[in-house]
Each structure stands twice: as structure tokens, then as C-alpha cells.
Amino acid sequence: MTPAVLAGLVGAAVVGLGLYGLIVDPQPLRKLLAFNLIGSGVFLIFGIVARRGAAAGFEFDPVPQAMVITGIVVAFAASALAVALILRLSETSGGVSLDPAVWTKPDDKGEKGDGQ
Amino acid sequence: MNLLPIIDVGLALLVLGIATWTIAAREVFGAVVGYVVYGLLLSLVWVRLYAPDVALTEAAVGGGVTGVLLLTAGARLRSGGGKEAGEATGLPLRVVAAVLSLLVALGLAAVVLFLPEPPATLAPEARAGLAATGLGNPITAVLISYRSFDTMLEKIVLVLALTGVWSVAADGAWGRAPAPIGRMAPDGALTLLTQTLAPLGIVVGLHIFWVGADAPGGAFQGGALLAAMWMIVMMARLAEAPRIDARWLRLALIAGPAVFFLAGLAGVAWGDGFFSYPPGFAKPIILFIEAFMLLTIAVTLPMLVAGPPSKGAGR
Amino acid sequence: MMGATTPGGFLLVLAILLPVGGVLLSFVLGGRFAERVALAVTPLGLALALAIAAGVAHSGQPLVYAVGGHPPPLGIALRADGISAVMLVAAALIFAASGFYARAKFSTPPGVAESRAPLTFWIMLQAIWAALTIVFVSGDLFNLYVALELLTFAAVPLVCIDGRPETLAAALRYLLFALFGSICYLLGAALFFGAYGTLDIALLAQRVHPLPAVWAAAALMTAGLLAKTALFPLHLWLPPAHANAPAAASAVLSGLVVKGSFFLLLRLWFYVLPGLPAPAVGAVLGTLGSAAILFGSVLALRQARLKLLIAYSTIAQIGYLFLIFPLASGAHSWSADGWSGGVMQILAHAFAKAAMFLAAGLLAESLGHDQIAKLTGAARKMPLTFLTLGLGGLSLMGLPPSGGFAAKWLMLRASVASGQWLWALVILAGGLLAAGYVYRILAPALGDGAVALKAPPQRGREAVALSLALVAVALGFAPNSFFDFIEIGRPIVMGTP
């Protein structure tokens, strides 16, 4: 079992775990955590693609690794934005719920005073 | 050296175990701590995949800075008194989710294990172009030369994310500073730790940036470390987060992408097209761009964690 | 050579760098400079888009640019073909209209150096423009991933720019759906790279074979992009997000942002994978599209608020877009019609929907509410606004003369010629339902009754909304050369079902 094969299995497993957490946990912060987990699994898949690309005297293919670095930074930025929304929602409404029934009734009477 | 496969398998099992804990933990705090540990263990996996640059980035950004972000979020949620949406998910949904996740994981594992042979790779092309850039680290070459367009856009993504974070502030709070990270009053032990650790961290961060041209490292990794040091200083209340309308802050935040942007435009003059470098003079330009990227990353990441401006910040 | 730079290719880089530079300048200068920079960028962006279209038309070939002098597979190639060019021009026009419209609402108040909502709006508007430009011209799947993230981060804060809890919840749900989409897309890209060692669209098209990895990658990327395009059943996030955003933002969100991810689906299935035998894909996507048309239209009929009705109408009209998959695949005699119809639908809907959201915004500002029940007689007081709604509705219904009619006519022709009668029935049913919800808006307004206007609508903004609706109608008169133009650069594979 080379590290690459192991990492591939771990990556797939982590994606599955994250998906389970995403579906099952209602709290937005836990969903965000699950997203980060799935993301790290996807990066591991990139990682084994990079390791398989060992050639020309390199132990790895640098292009997928560079993509992972970019991806990690972008994923962090996404988490920061999501956290800001979650915190602000919690401040203004006293509870963080994404339950659509609370916020969007299909036959909403328009009483929320849309002045735009 | 028959120990290595056992260590590898052990590491893999540990990583899976911590990941399971992260999903299964009852409280947000436990889950986030689990995620930070997971990030650190994952960097070891990256080292075993011959990816030290990624390992550094994962440890610093994926584990470290994301961990601070989520811990701060959890703390602010709790202290705000908000109820966490509490109904537990019913068993039928759990079963469906478990089956779905299992299928996805198995399918993905199968696809990944049976990718076509021989493996397709860009390593030879990367090697061939390395001499023209004068760099020794092929990943830096990919990030700042071959696919520099991606990297510049990614810096814009960071600026956008920060603007988005700032935009959820209350109207009256605009222009002020974000609320302090952590509400601790200046504390003797934390102050001592910070005063010892921060200078060291700064030196190490700068070093990692500098050697990134020829060895594992670079602007992202060094910048993340510098960002972590500034966050520690802010958490120890030895310095406060700046006002978001401070001119120096705005300049620092766009310095990286702006210099990259201008260098990209200049490529028409000194190279063969946008985002190219003059042959023989590439390395100094690349280091120049990376220096400003370092500044921007070191300033952006803590501001992303600090959050939107707040009325209670008192400034 | 495929990735070699063509003359005129540099325009593609300029088209991207212009709004990017605008974002950077707006951020650092701040305050009311952000608005000025955005409005200065607008005509320049339109000029670049027209120049690119002229370049493609003149050479009859796509414009290509290898960024950094590194052609694929190592570097990134930008590639603008016929559909890229028309989307760039359409986007420039809609951004110009939204920007001009939004000046009244998002100006920095006098006496204040910088204000939250205006700064956010003008930065995000330019960022969406930059992201969409990259989506339309990039030829590299990872570059497109970064563009998709840029698009999401720019669109989400616009949804909650007014700070109400409902809009924050809508924005958060939008962000979570979008992140789910991005992760699926990224995983698909990883598998493509693992299989072929490149993410360049043209190179992948040459190398693609029916492997499990390729099927998985295609499925994942498609799923991710479907979530971002809000195709039924992944549409839940769209109505609250688009209905509660400010009108200028909704116009851009419904008119352009959802078309960005759809554009990538076209790139995936018509440019990367046309060599793959996949007849089922057209059927599946067409079925989901049909469900979206029917479901979205029925829900639109039940809405009490005008902006929610228009948002559900977007869901229905997006369904029409997906009929392009069964109707335009392969090299049959009807494929060109299917392709033309689909592209025309993108354009006609973009202009019509943007016009309707801007008009709805004017209505809500003048009346103080957007409840359909209370619109009786409003058309007398605001004739231009209701003319805009009427013309936009004309295009949505697919009545001549309008771009919507041209689109549906072409799709009907293609489905009849190919013997796929089901889609023809769906298109006709959708047209009837659209007539229903457009009637719901217009009938009471045209009737007798008096409404009190809080403030008369500004003529300039009404004219802007009307001009977009007129473009939607003018598209119905598109000459044959237009349909030839949008075929430039499209790979056509013989013998694929």
C-alpha cells in the first residue's frame, strides 16, 4: 500500500464523511465544518494525482499541488464569508436557522415592506 | 525500513478517526478542535505524498487560521446568546445520508484507484520551463509564472471575500474597527508567550517566504505564518485591529494583487505578452511580486478572521 | 497549434483586466470614487466586448490568447468564440443599464466619506463583471473554478446588502448551495487532470475517452453546475435570493449570474465531451428542464409578490435552457436550430428578466410595496414601467415579435424535426403558463382603479429598463448572420447520437 493509494482511500472516505455531516447536521457552522472536510478530501485526490505524476526528476507533478494551494486559500476565504453571514444572522434574528419555512413563504403577503 | 507502511496505515486510520470525531462531536467547540488536529495530521499525510509546500499551507491556513476562524465564530455565537438550531435529525434521514455517503465514498475510491495508466503528468514541461524562470521550486514557478493568471485572480478573490465580510456590518458601524478576537483582558502568561513567540514567528515566516524560490515555501506559506503572528498579538490584546477605512490598510490589502496586475500589464513591454517575464530577469521580478503578495496575505487573513466592523469596538 | 495566440487575442486579457482594475481602484480609493470608477469602466467594457465580437466576426475563428506566453497544457489559454462574444456584449449592456439604474439608490450620501451599501454594491458589480468575463473567455477548467468562486463571493453579498434577516438567510443558503456546487466541480476537475494531465478545454476534447473517471468527472461537474444554475430540483435557493436583493442586483443575478454556470455546462458538454456517446444525458437534462418549466411556472402563478413571481419565472425560463441538450447534440440537421434556439433563449431571457426586475424595482419604490393584488390601475400612473413589464412578458411568453419567440420557435422546429415531440409539448405548455402569470401582473394594472404614488418614477431609470426590454424584443429580428456567428468555434462531431 503506497502512501498514494492510502491517501486516495483516505480522501474518498473523508469526502463521504463530510457529505454525511453536511446532510445530517442542521447547524450552519457544522455544515461549514463538513464542507471544509469535503474540501480537504478533494485536495487529497489532487494530491494523489500529483504523486502519480512523478517524472523528469521530480517526485511529484507541481501543477496539481499548486492548484491545491490555491484551493486551500479560496476555501478559507469562503469559510470566512460564511462565518460572517452566520454571525450576523445570529445577531439580527436571535437564532440561526436556514429553515425555508421561516423565511420564505411562497404566498408571502408582501408585508415585509419591500420598498425597493 | 519496514516500519514506514505501518506508520502510513496508522496515520491514515488516525486521520479517519479524527475526521469521524469532527462530524460526530456533540458540541461545536469539540468539533472545531477536532478539525484543527485533523488539519495538522493531514499535513503529515501531505509530507508522505512528497508535497511539503502543500503540507505547510495546510498546516498554516487549513488547520491553523481556519481553526481560529471557526473557534472565534463558535465563541461569538455562544456569547451572543443565539440558540443553535436544535432539532436532532431523524433516523430515516440519517440512514439515507449514510447510505448515500457510503456509495459516494466507494465510488470515488474506485474511480481514483483505477485512474488510467500511464499517469498523465506535466512534470516534464514544468522542468523544461524552470530554467527560464531562474527558480528552483517548481511549485513557485507554476504559481507565479506558468499559471500566474490564476494566482492573481485568487488574490482578487481574497479582496472580494473581505469586502463581503465587511459588508454585513451594521450601517452605523461602517468605518470602525472589528471587534477584538477573543475577549480576554491582557493576561500575563499570554503576553509573555506572545512577546516570545511573535518575533520568532515573524522571522520564520520571512525565511519561509525567502527560500520559497528554490525550496519548499513561498509567499502563501510565509504570509500565513505572519498572519498567525499578528492574530496572536491581537488575541493577546497587545495590538488592536485597525479601522477598516484606514488608508494604509486598504493599500496593504491590495498591494499584492495590484503589483501582480501591473506586472502582468508590463509583460507586454518586457516579455512576450501579458503576464510574461523578461528572459534572464524573471527571478527578481517574481520575488518582487511575491514580496507584496506576502504583505497582502499577512494582512488579509487576520482581517478575515477579525470580521466586520463593530460598534462596540470603541474606535 | 491549438493554444497559440491569435491577433486580437490580447483583447481578451484587457476585457478581464479592466473590471479587475476597477475593483482594485474602487477598494483602495473607497467612498464615492467606487461609483465613479464603476461608471467609467462601463463604456470601456462595452467597447472591448464589441471589439472582441468584431474580431471574431472578421476572422471567422475564435480569438485565442496563451497567457504568459505559456500555451496549454502547462499554461492557461483564453478562447473567445461566437457565443463568448455575444455573451460579453449582452453582459456589458446589462451591466451598463443596472449601473445607471442603481445610481439613484447606491450613491454615497453627501457629507459622508464612505458608506457601506454603496461601496459594497459598486465593488461587487465590477467583480461580477470580471468573473463573468473570465467565465465567457477562459479555456482552462481550473481558471474557471477560480472565476466561479469570484462570481459567488461577489453575488452573495449583493443578496443581503440591505441587512435584513430574511436576506441574510437567503444569502447564506445561496452561499452553501454555491459552495456545494464548487466542490463538486473541483472534484470533477481533479479527475479530469488525473486522467489526462491537463485542464485545457481544447486539449481535453482531443483526449477524452469513455472511462469511468471521465463519466464520474462529467457527472460531478454537471451536478455542481446544476446547483449553481438552480435547475429543478436544486432551485430552492434562488427565489428568496433574487426576490429580496435590490432591483439592480436582481437584474444582474437573474439575467447574467445564473447564465454563467449554464455557459460552463455548454462548454463541458458541447466542447469537452461531444466525442462521448451519451444519449441519456440529453434526455435527463431535458426532463429536469421540463420539470423546471412546469413547476416554476405553476409556482409563479401562485405568488402574491411581484418580485417573487419574477424570480420563480426565472426558474421556469432556466428550464428552457436545458432543452438545448437533447436538441443540439450531435451533427443532425436540426442541431443548429437547437443550438441557435438555446443561445437565443439565454440572451432573450437575460434582457427580458433584467428589464422586468428593474421595472419591478421602480414599481416598488413608487408604490411602497410590490403586492400584485394592490396593483389595480397602476398602469395609468406608470405607463412606461408597465410597458417594460409587458414587453418583457411578451418575450417570456414567447410571442412574436421577440427574442423569446425566436428562441422557442427554433426549439420547436428542432424538436419536431428530430421527432422528440415531448419537448414541443413542454415548450407550448410553458408558453401558456407564462401567459398566465404575465396576465396576472398586467390585467389588474390595466384595469380601472386608483393607486397612490408615493413618488413619481424617474424617467431616466424607466427609460433604462424599457431599453433592455426593447433589446429583448429586437432580438426577435436577428438576421441569419447572427445565427451563423454563434456557430463560430463550436466543435461538431459526426455521428454522435
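**Reading backbone and fold**

Tutor: In this predicted model, Arg237(B) has a relative accessibility of 25% and therefore counts as partly exposed.

Student: Where in chain B is the place of Arg237(B)?

Tutor: Arg237(B) sits in the loop that runs between helix 9 (219–235) and helix 10 (247–270) of chain B.

Student: How should I read a phi angle there, and what is the phi of Arg237(B)?

Tutor: The general idea is that most residues other than glycine have a negative phi. Arg237(B) is not a glycine, and yet its phi is positive, at about 60°. Phe275(B) is another such case, a residue other than glycine with a positive phi near 60°, and its place is in the loop between helix 10 and helix 11 (282–306) of chain B.

Student: Is Phe275(B) buried or exposed?

Tutor: Buried is the word for a residue under 20% relative accessible area, and Phe275(B), at 3% relative accessibility, therefore counts as buried.

Student: Which residues does the cis peptide bond in chain B with omega of about -5° join?

Tutor: The general idea is that most peptide bonds are trans. In chain B, the bond between Glu117(B) and Pro118(B) is cis, with omega about -5°, and Pro118(B) lies in the loop between helix 4 (91–113) and helix 5 (123–133). In chain C, the bond from Pro72(C) to Pro73(C) is also cis, with omega near 10°, and Pro73(C) is found in the loop that lies between strand 1 (63–66) and strand 2 (77–80).

Student: How many helices and strands are there in chain C?

Tutor: Chain C holds 20 helices and 2 strands. Its radius of gyration is 21 Å, close to the 23 Å that the globule rule gives for 497 residues, so chain C is as compact as a globular protein of that length. Of those 497 residues, 71% count as buried, and among contacts between residues at least 6 apart in sequence, 82% join residues at least 24 apart.

Student: What pattern does chain A follow along the sequence?

Tutor: Chain A, with 4 helices and 1 strand, reads α-α-α-β-α. Among its contacts between residues at least 6 apart in sequence, 44% join residues at least 24 apart.

Student: How many residues of chain A are in contact with chain B?

Tutor: In chain A, 73 residues are in contact with 88 residues of chain B, and the two chains bury about 7,000 Å² between them, 78% of it on carbon and sulfur atoms. On the chain A side, Arg52(A), Ile69(A) and Phe76(A) lose the most area to chain B, together 11% of what that side buries.

Methods:
Residues numbered from 1 in each chain as written. Chains lettered and ligands numbered in written order. Predicted model: local features only at pLDDT ≥ 70, side-chain atom pairs only at ≥ 80, totals over all residues. Heavy atoms only, no water. Rg over C-alpha atoms; globule rule 2.2 N^0.38 Å. Buried < 20%, exposed > 50% of the residue type's maximum accessible area, 1.4 Å probe, protein only. Contact = heavy atoms within 4.5 Å. Buried area = accessible area lost by both parts, 1.4 Å probe.
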